[in-house]
Amino acid sequence: MSTEQHHAIIRSPSGEDLEDLQALARRTIDACYRSFLGDEGVDWFIGSGASDAHVKNHLERGGVHCLVGQEGRIIGFTILEGPTIDLMMIDPDHQRRGLGRLLLRHAEAALLARYSTIRLESFADNAAANSFYEACGWLHGDRLSGEGPAKVEYIKSGKND
């Protein structure tokens, strides 16, 4: 376990965390999504306010879990909805340090305590995220249809299945 993992905690957010969560989502999208969404797609998504609205909506409804670093700053978060990890983000400055795995394990445990099979969606062309999920034991499911960039589903089942 890295020093950063050892000092990280996962907590529920407060209403005061909204701006930090929204800024983290925008930074992560800006730094990590350009390779598969393109500059125009990323700039539109951030500029449209869709990301900010999504985070705000879920913060108001619940299911958000914050990963807080040793300085007390939010460095990652997940949004859980039903049996789904709706969103998971780690600040680009803190990636590749085991924090994503820590946050994902927390989300899995929370969901598998209530559901026998859980799911998440990822952009089909997000090779880094998809490799990460597969390395964490998620099974590649169906390609999802819909508007916008292609997505794929990943599934994971509890030990009792």
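**Aromatic pairs and other contacts**

Modeller: Tyr 33 has a relative accessibility of 13% and therefore counts as buried. Please bear in mind that this is a predicted model.

Biologist: What makes Phe 36 buried?

Modeller: Buried means under 20% relative accessible area; Phe 36 is at 13%, so it counts as buried.

Biologist: Why is the aromatic pair of Tyr 33 and Phe 36 called tilted?

Modeller: Planes under 30 degrees apart count as stacked and over 60 as edge-to-face, so the rest are tilted. For Tyr 33 and Phe 36 the angle between the planes is 40°, with 5.2 Å centre to centre. Together with Phe 123, these two residues form one aromatic cluster.

Biologist: What does the pair of Tyr 133 and Tyr 154 tie together?

Modeller: Tyr 133 lies in helix H6 and Tyr 154 in strand E7, so the pair ties together parts that are 21 residues apart in sequence. This pair is also tilted, at 5.8 Å centre to centre and 50° between the planes.

Biologist: Why are helices H2 and H3 called oblique to each other?

Modeller: H2 and H3 pack at an angle of about 140°. Angles over 145 degrees count as roughly antiparallel and those from 65 to 115 as roughly perpendicular; H2 and H3 are therefore oblique to each other. Their axes are 8 Å apart.

Biologist: How do you know that Lys 156 counts as buried, and which side chain does its own side chain join in a polar contact?

Modeller: Lys 156 has 16% relative accessibility and so counts as buried. A polar contact of 3.2 Å joins its side chain to that of Glu 108.

Methods. Residues are numbered from 1 along each chain as its sequence is written. This is a predicted model: local features need pLDDT of at least 70, side-chain atom pairs count only at pLDDT 80 or more; totals for chains, interfaces and linings use all residues. Side-chain values use heavy atoms; hydrogens and water are left out. Axes are lines fitted to C-alpha atoms, for helices over the stretch in contact, and angles run from 0 to 180 degrees between N-to-C directions. Helices (H or I, at least four residues) and strands (E, at least two) are DSSP runs, numbered from the N terminus. Angles under 35 degrees count as roughly parallel, over 145 as roughly antiparallel, 65 to 115 as roughly perpendicular and the rest as oblique. Buried means under 20% relative accessible area, exposed over 50%, partly exposed in between (1.4 Å probe, protein chains only). A polar contact is a pair of N or O atoms within 3.5 Å; within protein, one must be able to donate a hydrogen and the other to accept it, and residues adjacent in sequence count only if both atoms are side-chain atoms. Rings of Phe, Tyr and Trp (its six-membered ring) pair if their centres lie within 6.5 Å; planes under 30 degrees apart count as stacked, over 60 as edge-to-face and the rest as tilted.
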